[in-house]
Amino acid sequence: MTLAGTALAACGTSSAGTGPVTLNYYLYPDTSGATQAAINNCTAQSHGAYKISYQQLPAASDGQRQQLVRRLAAHDGSMDILGLDVTWEPEFAQAGWIVPWTGTNKAQAVAGTLKPALQTATWKGQLVAVPANTNTQLLWYRSDLVPTPPTTWAQMIADAEQLAKEGKPHYIEIQGAQYEGATVWFNTMVASAGGSVLNATATAPTLGAPAVKALSIMKQLADSPAADPSLSVQMENQNRLQMEAGKAAFELNYPFVYPGMKSDNPKLFKVFKWAPYPQVIPGVPAKVTIGGIDLAVSAYSTHKNLAFQAALCLRDAQNQLIGATVGGVPPTIASLYTNPKLFPDYPMHAAILASLANASVRPQTPFYQVVSIDISHLISPPSGISPTGTEQSLVGQINNALASKGLVP
């Protein structure tokens with residue numbers, strides 16, 4: 001394993017007596033240069049206390065988690081700062097692999113950070129990581145086809161069906177494939193209907209009527225001419241490409257689609273607009289499921305105090321602004337959304353902030369991987385949903401997952 005050898009070699013050369021301590025930072029591969037810029041900034045600002053070594057994890061999320069889990073289970077002392085997907089914190093904290101944030105470190109992490117982002121980094125009342133970036137979906141639409149964007153799912157489907165009757169582009173692009181994106185769609189719909197997938201203690205599913213409502217809308221879309229024929233295999237990038245190809249009127253997706261449209265189809269870009277995610281209950285703002293990365297300190301790091309300092313630096317306002325404008329990942333520090341330096345790359349900054357402030361998080365449980373697989377398998381293809389029956393199946397499968405009787409990824 002080349003990566004393991006690199007990490008261990010770096011750790012082996014770390015010594016306070018011979019120079020700066022080397023802190024190994026494990027994170028997804030970032031080709032934008034934003035992560036390396038933050039690393040360079042923090043290494044310089046440490047004034048010789050430490051240097052950060054970027055250990056790139058595999059490109060796929062599952063591969064990232066597997067590599068971290070294997071190393072942590074082996075009590076790998078070369079691990080210092082860990083970039084965690086927002087669904088991994090309960091699993092890692094429950095296993096004792098990461099250490100809680102307390103005292104001054106916690107105060108600095110919490111100050112000015114969006115509350116839903118902090119929720120992703122909290123387990124059993126303890127802050128176990130610090131939010132580094134986040135993400136949320138908006139409604140993207142063509143203003144030449146729909147001058148006034150719909151505010152509800154019912155309005156959006158009706159608008160799309162009318163466009164279909166007129167022979168115009170009318171698809172609603174969303175993630176319907178059997179993967180994490182479908183789970184996110186379902187979670188957003190359930191939360192927007194006033195419900196949740198799990199109870200507050202993550203010991204049982206609490207689906208019920210809100211889940212039936214969510215499933216009914218998903219089924220309605222799947223059975224409508226508003227649905228892309230490829231709905232059951234579509235992910236975020238396919239949604240983007242269909243919109244850019246002029247085949248869709250609406251798209252539920254992340255802000256990365258904005259620069260994509262700007263560069264790939266300048267003509268359509270002129271009518272490519274954004275609006276809040278459609279409401280499930282009229283008059284009640286949607287609670288969109290957020291994504292992102294949180295930074296945790298490994299329980300096996302031999303330089304925990306420096307690792308906390310470095311993690312705070314890596315996600316400070318200066319570096320989150322770089323992450324947003326260079327790396328394309330929205331910040332978790334609320335004040336950055338009023339920073340004019342963000343505006344050129346995020347003209348939709350106000351809409352993103354409003355969505356983040358009212359966001360939902362994915363079900364928080366150490367068994368999230370199994371719960372998510374169960375959900376995505378039962379709701380994809382969306383055309384196969386039977387609202388009441390699917391809700392009952394979900395309850396059974398999630399109960400099995402929480403009891404460690406489910407599929408192990």
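This is a predicted model: local features need pLDDT of at least 70, side-chain atom pairs count only at pLDDT 80 or more; totals for chains, interfaces and linings use all residues.

Reader: Which parts does the pair tie together?

Author: C42 lies in helix α2, residues 34-45, and C313 in helix α13, so the pair ties together parts that are 271 residues apart in sequence.

Reader: Are C42 and C313 buried or exposed?

Author: Both are buried. The link is left-handed, with -100° about the S-S bond.

Reader: Switching to the sheet. What's the strand order?

Author: β2-β1-β3-β11-β6. The sheet is open, has five strands, and its pairing is mixed. β2 (50-56) and β6 (130-135) are the edge strands. Neighbouring strands are turned by 20° against each other on average, direction ignored.

Reader: How do β1 and β3 run?

Author: Parallel, joined by two bridges. Y26 has L82 in β3 as its bridge partner.

Reader: And which helix packs on the sheet?

Author: Helix α13, residues 304-314. It touches β1, β2, β3 and β11, and its direction makes about 70° with that of β2.

Reader: Now the core. Which residues have the most contacts inside the largest one?

Author: L68, W153 and F186, in a nonpolar core of 97 residues. Helix α13 gives the largest share of this core, eight residues.

Reader: What does L68 touch, leaving aside its neighbours within four places in sequence?

Author: Its contacts include Y26, L82, W88 and F92.

Reader: What's in the second core?

Author: That one is separate and has 28 residues, including V271, I290, Y346 and A351.

Reader: Last topic, salt bridges. How many?

Author: Eight. In one of them the side chains of R71 and D76 meet at 2.8 Å, N to O. Both R71 and D76 are buried.

Reader: What about R142 and D144?

Author: Also a salt bridge, 2.8 Å, N to O. R142 is buried, at 9% relative accessible area. D144 is partly exposed, at 43%.

Reader: Which salt-bridge partners join into one network?

Author: R240, E244 and D264. Between D264 and R240, the closest N and O atoms are 3.0 Å apart. D264 lies in helix α11 and R240 in helix α10, so the pair ties together parts 24 residues apart in sequence.

Definitions and conventions: Residues are numbered from 1 along each chain as its sequence is written. Side-chain values use heavy atoms; hydrogens and water are left out. Two strands pair if DSSP finds at least two bridges between them. Helices (H or I, at least four residues) and strands (E, at least two) are DSSP runs, numbered from the N terminus. Axes are lines fitted to C-alpha atoms, for helices over the stretch in contact, and angles run from 0 to 180 degrees between N-to-C directions. Contact means heavy atoms within 4.5 Å. A nonpolar core is a set of buried Ala, Val, Leu, Ile, Met, Phe, Trp, Tyr and Cys residues joined through side-chain atoms within 4.5 Å. Buried means under 20% relative accessible area, exposed over 50%, partly exposed in between (1.4 Å probe, protein chains only). A disulfide is a pair of cysteine sulfur atoms within 2.5 Å. A salt bridge is a side-chain nitrogen of Lys or Arg within 4 Å of a carboxyl oxygen of Asp or Glu.
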